[in-house]
Amino acid sequence: MNNPSSNSSNISDDTWVFLSTDGAVARDSGYVATGGVARDHDGNWRVGFTCFLGVCSPFEAKVWGILDGILILLNKGYKRVINLTDNLEVVQILSDLHLKDSGIIVLRRTQCIMRAEGMWKIQHIPRNRNLVADRLAKLSLNWKSSLQIFNEAPKEIIDLL
């Protein structure tokens with residue numbers, strides 16, 4: 001059962017994966033995209049992704065990034081994930097898994113999966129510790145492609161690793 005606020009688990013345990021996600025907005029068009037990277041406890045790349053979303057709010061883009069990351073990691077067999085985001089509002093809302101009144105479908109779906117599958121924690125991190133996810137999201141704005149999954153880091157972000 002999912003318990004993101006539990007302190008009984010040792011988060012330095014090598015079974016936890018750290019998922020950093022971010023969203024990006026093109027100022028000229030209003031288009032949004034998301035990106036993220038999952039790393040093991042030593043900081044090694046496990047999987048990354050980008051996804052062009054089109055038009056939605058920056059908040060929804062952040063949540064889409066978390067949802068995409070969770071689904072990718074579940075598909076790869078990871079069930080103990082610490083989500084890292086630089087958006088405090090997203091952290092606060094996703095930490096309250098009993099919130100039922102949200103009209104944002106992607107938020108409700110993310111909360112439902114977090115309640116039902118694996119063990120999830122969510123933590124706020126400063127923007128300067130989320131640069132890889134930020135760059136992946138910005139790349140997705142340029143590429144305008146649907147979900148892309150990277151088992152190895154794309155060359156465009158190597159300088160940040």
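Modeller: Start with burial. Buried means under 20% relative accessible area, exposed means over 50%, and partly exposed lies in between (1.4 Å probe, protein chains only). Take Met-119: it counts as buried because its relative accessibility is 19%. Before going on, note that this is a predicted model: local features need pLDDT of at least 70, side-chain atom pairs count only at pLDDT 80 or more, and totals for chains, interfaces and linings use all residues. Residues are numbered from 1 along each chain as its sequence is written, and side-chain values use heavy atoms, with hydrogens and water left out.

Colleague: Where is the place of Met-119?

Modeller: Met-119 sits in strand S5. For the protein overall, 49% of the 161 residues count as buried.

Colleague: How many helices and strands does the protein have?

Modeller: Elements are DSSP runs, numbered from the N terminus: helices are H or I with at least four residues, strands are E with at least two. Here there are four helices and six strands. Along the sequence they follow the pattern β-β-β-α-β-α-α-β-α-β.

Colleague: In what order do the six strands form the sheet?

Modeller: Two strands pair if DSSP finds at least two bridges between them. The sheet is open, with mixed pairing, and its order is S5-S4-S1-S2-S3-S6. S5 (119–124) and S6 (148–150) are the edge strands, each pairing on one side only. From one strand to the next the twist averages 20°.

Colleague: What follows S4, and where is Asn-87?

Modeller: Asn-87 is in the loop between S4 (80–85) and H2 (88–95). Asn-87 counts as buried because its relative accessibility is 19%. A polar atom of its side chain lies 2.9 Å from the backbone nitrogen of Val-90. Contact means heavy atoms within 4.5 Å. Neighbours within four places in sequence aside, Asn-87 is in contact with Lys-62 and His-124. H2 itself lies across S4 and S5, at about 150° to S5.

Colleague: How are two packed helices described?

Modeller: By the angle between their axes and the distance between the axes. Axes are lines fitted to C-alpha atoms, for helices over the stretch in contact, and angles run from 0 to 180 degrees between N-to-C directions. The axes of H1 (residues 58–75) and H3 (residues 105–116) come within 9 Å and cross at roughly 35°.

Colleague: Is the crossing of H1 and H3 left-handed or right-handed?

Modeller: Left-handed. That is, the near helix is turned anticlockwise from the far one by less than a right angle; clockwise would be right-handed.

Colleague: Which residues in H1 and H3 meet?

Modeller: From H1, the residues include Phe-59, Trp-64 and Leu-71; from H3, they include Val-106, Arg-109 and Ile-113. The contact divides into 12 nonpolar, one polar and two charged residues. Nonpolar covers Ala, Val, Leu, Ile, Met, Phe, Trp, Tyr, Cys and Pro; charged covers Asp, Glu, Lys and Arg; the others, Gly among them, are polar.

Key
Polar contact = N/O pair within 3.5 Å; in protein donor to acceptor, adjacent residues only side chain to side chain.
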